[in-house]
Amino acid sequence: MADTTTLLERACRTAADLIRTGALVSATAAVFFSLEGVFRFGLLLLALLVPRLAGLRSPVDLLVCVVLSVAAWSSPANWYELAPWYDTALHLVTPGTVAVTLHLLLIRARLLPSPRARGLRIASAPLLTVCLGCTVALLWELYEWFAEKVLGAAIVVGYDDTVLDMAAGLTGSLVAGGLLVSWAHSGPRAHRDRDTGPLPG
């Protein structure tokens, strides 16, 4: 069982590193195509380095890499044209995923309490995750405005779209916060301590 878990973690880490390599290649190639592409994939690469450098478990690392890469490529690859609900689904999943990751990082850095901390109300963790997720959703909308108005990117930015995206980000973060609490209170205590403990070193 331990060997299987180790192999899975190594596979996840390798896959995440390959995605990071792809982000580096994309950022380099974007220099020859558009300024917005340089910003987009440069920010993607920096974001993908965070879970790796912070030492988060490889499945979490891979999840973040996949979700953020899909979000970054959706506009250049015209994936928003795939279905009317794609944009909302992306804004539902991405802020929640990033919010939980940030929550774990802040717990490891001892800037936030663990969801299992004594005296902490069970609703506190989802509320904190929602705050982080809404901040991520806000920054996303600010980037879309900046990309369209300053960098000249062909991005659809409007009041209705922004409100819907923010609402999706809030909802996704609330769900993600609930899942974080559920995960923190289930499974062996030693396993939970490994994921929510302070950053090493």
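**Figure 1. The largest nonpolar core of the predicted model, with 16 residues.** Within this core, A23, F41, L44, L48 and L68 have the most contacts. Helices α1 (2-30), α2 and α3 each contribute at least two of its residues. In soluble globular proteins, nonpolar side chains tend to be buried together.

**Figure 2. Surroundings of L68.** With neighbours within four places in sequence set aside, L68 contacts L44, A47, L48, T94 and V98. L44, L48 and L68 are also among the residues with the most contacts inside the largest nonpolar core.

**Figure 3. A separate core of seven residues.** This core lies apart from the largest one, and A54, V100, L104 and A176 are among its members.

**Figure 4. Helix α2 (residues 35-54).** The end C-alpha atoms of α2 are 29 Å apart, in agreement with the 28 Å that its 20 residues should span at 1.5 Å a residue. Buried positions in α2 are E36, G37, R40, F41, L44, L45, L48, P51 and A54. An α-helix has 3.6 residues a turn, so residues three or four places apart point the same way. After α2 comes G55, with a positive phi near 75°.

**Figure 5. Confidence along the protein.** The mean pLDDT is 85, and 91% of residues reach 70 or more. Helix α3 (residues 58-74) has the highest confidence, at a mean of 94, whereas helix α7 (residues 189-196) has the lowest, at 44. The pLDDT is below 50 over residues 190-201, a stretch that has 30 contacts in the model beyond near neighbours in sequence.

Methods
Residues numbered from 1 in each chain as written. Predicted model: local features only at pLDDT ≥ 70, side-chain atom pairs only at ≥ 80, totals over all residues. Heavy atoms only, no water. pLDDT = per-residue confidence, 0-100. Helix = DSSP H or I, 4+ residues; strand = E, 2+ residues; numbered from the N terminus. Contact = heavy atoms within 4.5 Å. Expected span 1.5 Å × (residues − 1). Buried < 20%, exposed > 50% of the residue type's maximum accessible area, 1.4 Å probe, protein only. Core = buried A, V, L, I, M, F, W, Y, C linked by side-chain atoms within 4.5 Å.
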